[in-house]
Amino acid sequence: MSGLMGFDEAFRAADLAVRSVRSEGLRDIERLVLEGSWHRDTYQTIASKAGYTEGYLSRDVGPALWEVLSQALGVQVKKTNFRTAIERWSEATQQPAVATVSPPSTAATAATVVDVPVDPLPFDVTDFRGREAELATLTQWIVEERGRLLCLSGLPGVGKSWFAVKLAAQVRGHFRRFIYEDLRDRPSPSALVHRLLSRLAVSSAESAPLADLLDLLVQTLAGQPSLIVLDRTETLCCPQNLAGMYASEFGAYQEVLSALASRAHHSCLLWVGREVSRVISAIAGSSCRRYVLTGLSADDIASLAIWPEDIEASSVAWQQLSQDYGGIPALILRELGRRLSSFGGRLDRCLAACQKEPSLVYTYTEAWLAPLSALEWQVATWLALSRRPLSWQQLGEYLGTPPSLAALESLCDRGICRSHVQQDLVWELALPALLQPYLCDRWLTELLEANASDQLQWLSQYALLQTDAPEVVRQWQRQTLLTAVAEHLDTQYPTAIAKQDFLAQALQTCQLSAPSTTPDYRPGNLMNLAHHWQVPLPEVSLHGLQLRGADLQSDLFQGLSIAGADLTQTLLAKPMSRYPVIAINPHREEVAVGDQDGRLLLWDLPTGRLRRAMLAVPEAIDAIAFSPDGQLLAEARQDGTVRFWDLSSDLGPEQFASELAYPLTTLAFSPDQESLVGGDAEGNLHVWRIASGQERHCLPAHAGTITAIAFSPNGHRLLSCGQDCAAVEWDIETGTCLKRFQGRLTNVLGTVAYRPSLATELVQAVVVGRDDGQLIVWDMASARPQFIMNEPCEAFMALAMSADGRFLAASDVDNTISVWDVEARSRLCQITEPCAPVESLVFNPNRAELMTGCDYTVQRWEMPSGQCLGVWRSNRHPARQLALSIAPLQVLSSHDDHTLRCWQFSRKRQRWLPHSRLQLPTLGSTPDSVQTIATSLPPPLLGGGHGERSHSSVGSDDPSLGRVDDAFAQSRHSTSAES
């Protein structure tokens with residue numbers, strides 16, 4: 001029989017023999033080796049043709065193959081005698097033809113008997129790794145639960161085809177036939193059904209009605225259990241439409257899927273593609289299932305067979321790889337597989353280099369996003385520019401109208417967005433990190449490449465700055481979006497006058513535009529450009545404009561007319577003065593701030609918006625505190641009064657205590673809300689009953705101002721510390737001293753707290769301060785240091801400890817805030833606030849956040865990252881010196897933010913308006929360096945203190961400062977200002 005058998009017949013015989021000794025037949029890679037051996041090829045030749053290494057075939061695949069064939073054929077089989085062995089085995093066993101199928105006769109078919117071939121896998125999945133749990137779940141559903149239709153979807157390159165074929169390899173032993181079809185040729189529904197019938201050895205007329213062809217296919221699948229994989233089904237979809245919407249000529253595929261899912265048969269169809277038909281949601285059930293394949297986990301990526309044996313990678317590097325590339329194996333192989341060797345097999349170094357060039361994956365992301373509809377592009381772009389998840393309501397506010405749920409579902413179906421529900425049951429959409437850089441760069445590129453007339457139109461669609469975003473997002477938007485647009489426009493408007501003219505004309509164009517139902521972001525974006533360029537617009541009226549996304553907090557906009565403007569989503573300067581005191585509501589997302597001007601303001605923490613202004617008297621506020629239930633807010637003012645504000649009503653304050661000899665510097669409610677305690681500037685500790693207002697105790701606690709007080713959790717004890725380097729623990733009921741800690745003369749104490757004890761379930765009284773240049777946490781009971789921070793602290797302005805005792809914050813005279821992990825004794829982050837030294841520190845009792853306060857500014861920080869989440873700033877810079885010029889009539893003022901401002905009188909507005917400014921150079925440690933300013937003209941000096949004429953100079957502690965008339969002449973806006 002030698003020479004009469006062809007290879008295909010030999011392979012079918014070998015596959016049949018192998019199935020008698022193992023659960024699956026011959027794999028694709030084994031077929032390649034057998035075919036090469038059949039033609040007397042060497043392992044080297046086989047490897048070069050197939051794309052494998054010679055060693056892998058000769059040492060791994062070949063020996064295992066010959067061993068299993070030897071068991072199956074009953075003789076020793078080698079590469080050199082396979083042909084003879086299989087021919088002799090076939091002749092000895094006289095293998096009959098494979099069974100045939102004769103389907104029922106219908107109008108669509110003329111039944112014929114055709115030999116059914118053994119169906120190989122379309123490609124080798126020997127190197128498939130990971131996804132064991134997913135394979136086990138779907139195998140059980142197909143085999144045990146008799147699933148009929150599995151719709152497998154996922155991102156491009158995530159491995160859908162590989163997974164489908166691997167799943168088929170595991171379950172095809174339970175089916176009589178296995179069929180794989182690639183639908184890239186976009187067959188019509190009738191053509192595909194006809195093709196499947198042909199593969200199942202059933203003849204049919206392709207021109208027959210689709211319903212008749214489906215009847216025949218279902219009857220055939222009932223009698224001939226088959227596993228069918230239809231791959232690349234996304235080619236049937238209509239581009240620039242919602243996900244799962246098929247082109248009109250392929251609409252009948254919904255009938256095919258419905259028939260195969262709902263009608264009884266013993267086969268299973270795997271429908272594989274990036275998108276799933278909309279009909280699936282209607283027919284999903286026990287026999288029809290949709291499964292979305294997500295990116296590989298870090299462990300699965302590490303197990304892939306693509307990596308060289310000498311790769312160096314930590315678990316952190318694998319995790320970073322999965323995050324950066326979405327766990328998409330095809331993308332990982334393309335971008336890192338060919339670059340890894342250039343970095344000596346070091347995965348962390350290769351990742352660091354690739355992170356600097358996000359454009360490396362733009363070809364992939366562009367193909368991924370190509371099918372999006374116009375609305376989907378809008379939503380995805382807003383998510384990218386927002387750099388955070390957005391709710392449906394937020395998207396509606398940005399777009400002007402809520403996007404359709406179908407569009408949001410389509411984005412989720414494509415894997416472009418991920419939906420999740422927050423703890424407050426708010427549904428949000430998030431963008432994968434892989435898409436963020438591409439979408440931002442795409443939007444910026446289209447904006448910057450547009451012609452001058454179209455650029456304003458682009459600026460109308462999206463906000464360069466989102467006023468309701470966390471401060472860390474706004475900082476990114478300023479640095480990335482606003483700066484890029486401003487630098488591009490710099491080339492068109494190089495001078496300050498040109499910029500000012502452009503902004504004024506563009507704002508006027510906005511005013512003349514026809515009213516629109518959608519938000520117009522042009523005015524807000526133009527005002528942010530003015531802020532970026534430091535260009536004042538004193539004579540511009542913003543009447544009738546939408547200032548969405550405008551940041552008007554800068555004093556650059558003093559005197560700007562905003563009458564009649566829409567201030568929705570606009571940031572305005574906050575009314576804040578010096579030395580703010582802060583308290584956070586333990587039950588609501590709100591913070592109270594009192595200041596030296598007597599204002600007490602209640603702010604919403606998530607949005608940064610003012611909830612309530614509590615303005616009673618002008619005396620400065622020195623201390624505030626919330627009650628444990630968050631319903632009362634107590635304030636202590638410099639006039640010696642204490643007032644209560646009921647936050648559940650709109651009524652004014654209730655006077656609680658008055659005529660105190662010394663103003664209170666600290667306030668605290670007891671946990672049971674029965675007592676209020678305050679420490680004053682003389683060192684006295686006052687204890688009142690809240691219900692009656694009676695003062696229970698007035699204790700001479702310290703020989704100096706009391707700086708901090710804290711209740712124990714049960715409310716029976718109280719800690720206090722003062723400027724006398726002492727801390728005292730009190731029995732609140734009797735007013736007796738239980739324990740006194742007296743520091744050394746070198747100690748400076750900052751705060752006291754009760755923190756969880758390391759040894760028991762009880763709490764531990766601690767006092768925090770500085771000694772010998774280090775921050776120390778002392779145990780009150782033993783008076784010994786318990787924690788000593790491992791980095792120096794020369795001085796501090798304020799100290800605070802979080803409610804759980806985990807974090808310690810300290811501010812210093814260099815405007816720096818350090819946050820420490822107490823038990824680890826290590827510094828977690830360092831925050832620099834350039835405005836002024838921070839004198840108020842408060843930890844949020846509800847989450848890991850820190851509030852800080854300095855002159856005119858309150859900020860909110862995330863712990864332990866140190867990211868800024870919100871800023872309340874007034875940008876007030878009082879004038880220190882004044883000088884007058886008559887021709888032209890203008891005033892020059894100096895300020896503590898190292899600027900000189902030039903003011904001119906507007907006859908149109910009948911007020912003085914800022915026209916230009918000059919930022920003075922300063923030394924790093926120089927505070928308010930301007931001592932004297934004067935004009936070179938005869939009129940007498942209005943301010944400056946020295947009363948002498950100068951020659952256009954500025955008195956300064958900085959020797960680098962000299963004549964500034966040239967600087968003003970070249971500054972951005974001034975045309976005739978004299979300094």
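This is a predicted model: local features need pLDDT of at least 70, side-chain atom pairs count only at pLDDT 80 or more; totals for chains, interfaces and linings use all residues.
Visitor: Is C725 buried or exposed?

Guide: Its backbone is worth a glance on the way: phi of C725 is near 60°, a positive value in a residue other than glycine. For the side of your question, the cut-off for buried is under 20% relative accessible area. C725 has 16% relative accessibility, so it counts as buried.

Visitor: How many bridges join β24 to β25?

Guide: The two strands run antiparallel. Within this pairing, R717 stands opposite D731 in β25. The number of bridges joining β24 to β25 is five.

Visitor: Which strands stand at the edges of the sheet?

Guide: The sheet is open and has four strands, paired antiparallel in the order β23-β24-β25-β26. An edge strand has a single partner, so one of its sides is left without a neighbour in the sheet. From one strand to the next, the twist averages 15°. The edge strands are β23 (706-711) and β26 (737-742).

Visitor: Let's move to another loop. Why does R186 count as partly exposed?

Guide: R186 lies between β2 (177-182) and α8 (189-199), in a loop. Phi of R186 is near 50°, a positive value in a residue other than glycine. Partly exposed covers the range between the buried limit of 20% and the exposed limit of 50%. R186 counts as partly exposed because its relative accessibility is 36%.

Visitor: Which residue is joined to P864 by a cis peptide bond?

Guide: P864 is found in the loop between β37 (857-862) and β38 (868-873). The cis bond has an omega of about 5°. The residue joined to P864 by this bond is M863.

Visitor: One last stop: which residues make the nonpolar surface patch of about 260 Å²?

Guide: One member, I886, lies in the loop between β39 (879-885) and β40 (890-895). Its relative accessibility is 47%, so I886 counts as partly exposed. Patch members need over 30% relative accessible area. The patch is made by I886, L889 and F905.

Terms used:
Residues are numbered from 1 along each chain as its sequence is written. Side-chain values use heavy atoms; hydrogens and water are left out. Patches are made of residues with over 30% relative accessible area and no salt bridge: like charges are joined within 9 Å, nonpolar side chains (Val, Leu, Ile, Met, Phe, Trp, Tyr) within 5 Å. Accessible areas come from the Shrake-Rupley method with a 1.4 Å probe; for residues, only the protein chains shown count as cover. A salt bridge is a side-chain nitrogen of Lys or Arg within 4 Å of a carboxyl oxygen of Asp or Glu. Buried means under 20% relative accessible area, exposed over 50%, partly exposed in between (1.4 Å probe, protein chains only). Two strands pair if DSSP finds at least two bridges between them. Axes are lines fitted to C-alpha atoms, for helices over the stretch in contact, and angles run from 0 to 180 degrees between N-to-C directions.
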